[in-house]
Amino acid sequence: MSLVDTANQLDSNFHNVPIMYMDMKIENRKSPNFKGYSPLLSGNNDPNGAGDLQEGFEFGWEPEISQDSNESRNEDGVMAGANVWPSEDVAPGFRERALRYYYAATGLGKALFPIFALSLDLSEDFFDDKTQHSAALMKLLHYPPQTGPVDDRVIGIGAHTDWECFTILWQEPGIQALQVLNANKEWINAPPIPGTLVINLGDQFARWTNGVFKSTIHRAINRSGVRRYSIPLFFGTDYNVKLEPISSCVSPERPPKYEVITAGDYVKARLQATYNH
């Protein structure tokens, strides 16, 4: 089964999870690392917006299914903590399918790092010691349709950049919502293309490369008239790694642009700002 087929299967399983169960039992406000269910309008990615019209379920690394699912890792620092899941009684097979796609998508993510290294004239193993622990978060997202008059301050997700190195995004086929801001400051559609995934660059790469790689500014507006689903995997450096500029990306003409911070501290600060807790 291909990676995209696995995502399609997970998407159909996610449709059937009772949202009220997620809302009451595993809301992310109850988790110190923001894992679990995020209700409609609970997040706000655009400071000029009034909330994101989406709900989702977020989780990260854990051992294979046969091992202890409550294990967390010391390397995760401020982002340490186990995933939370709906019970098998409520969502049979959900955790297994979610992790199956997670493992496959993180495998793809690890295969991309050598390509980015070579594009920066670095050795292809440059990122290997900085990406040993799959510091990657996956989110299953549901966007209800926006019909009638639409307040541009409340859209599926407001204009923002992602916080990790890059995002691997599956979009539900046939439903346009994702838009990307181009170099001319124009919003252009990024429609789902069957059998493909979207790759967005994020803030960690922008910081590591001192702005040579730029974060993709994007948003989602679901005016299709039907509900929409998507599955992003936010793949970053290990949480205990400092986001220091790569030496080849610094010069007198390009002095350091960003304060040095660990990846975990950066991601957690962005989560706190988005969910206001």
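Helices here are DSSP runs of H or I with at least four residues, strands are E runs of at least two, and both are numbered from the N terminus. The model is predicted, so local features need pLDDT of at least 70 and side-chain atom pairs count only at pLDDT 80 or more, while totals for chains, interfaces and linings use all residues. Residues are numbered from 1 along each chain as its sequence is written, and side-chain values use heavy atoms, with hydrogens and water left out.

Q: What span should the 26 residues of helix 3 have?
A: Helix 3 covers residues 94-119. The expected span is 1.5 Å times one less than the number of residues.

Q: Is arginine 95 buried or exposed?
A: Buried means under 20% relative accessible area, exposed over 50%, and partly exposed in between (1.4 Å probe, protein chains only). Arginine 95 meets glutamate 62 in a salt bridge at 2.6 Å, N to O, and glutamate 62 has a relative accessible area of 1%. At 17%, arginine 95 counts as buried.

Q: Which helices does the pair of arginine 270 and aspartate 203 tie together?
A: Their closest N and O atoms are 2.9 Å apart, which makes a salt bridge. Arginine 270 is partly exposed at 21%, whereas aspartate 203 is buried at 7%. The two are 67 residues apart in sequence, so the pair ties together helix 5 and helix 4.

Q: Which elements do the buried residues of helix 5 pack against?
A: Helix 5 has 13 residues and reaches 18 Å from its first C-alpha to its last. Its buried residues include Tyr266, Val267 and Leu271. They pack against strand 1 (36-38), strand 3 and helix 4 (203-208).

Q: What is the volume of the largest cavity?
A: A cavity is a set of points on a 1 Å grid over the protein atoms alone where a 1.4 Å probe fits but cannot get out. Grid points are joined across faces, edges and corners, and the volume is the space filled by probe spheres set on them. The structure holds three cavities of 30 Å³ or more, and the largest has a volume of about 390 Å³.

Q: Which residues lie nearest the centre of the largest cavity?
A: Lining residues have an atom within 4 Å of a point, and this cavity has 31 of them. Strand 10 (228-235) and helix 5 (263-275) are among the elements giving two or more. Those nearest the centre are Leu141, Ile157, His160, Asp162 and Phe234.

Q: How far is the C-alpha of threonine 167 from that of proline 232?
A: Threonine 167 is in strand 5 and buried at 3%. Its contacts (heavy atoms within 4.5 Å) include Val198, Pro232 and Phe234. Though threonine 167 and proline 232 are 65 residues apart along the chain, their C-alpha atoms are separated by 6.3 Å.

Definitions and conventions
1 Å grid on protein atoms, 1.4 Å probe; cavity = no way out; pocket = protein on both sides within 12 Å on 5 of 7 lines; lining within 4 Å. Salt bridge = Lys/Arg side-chain N within 4 Å of Asp/Glu carboxyl O. Lists of a residue's contacts leave out its neighbours within four places in sequence.
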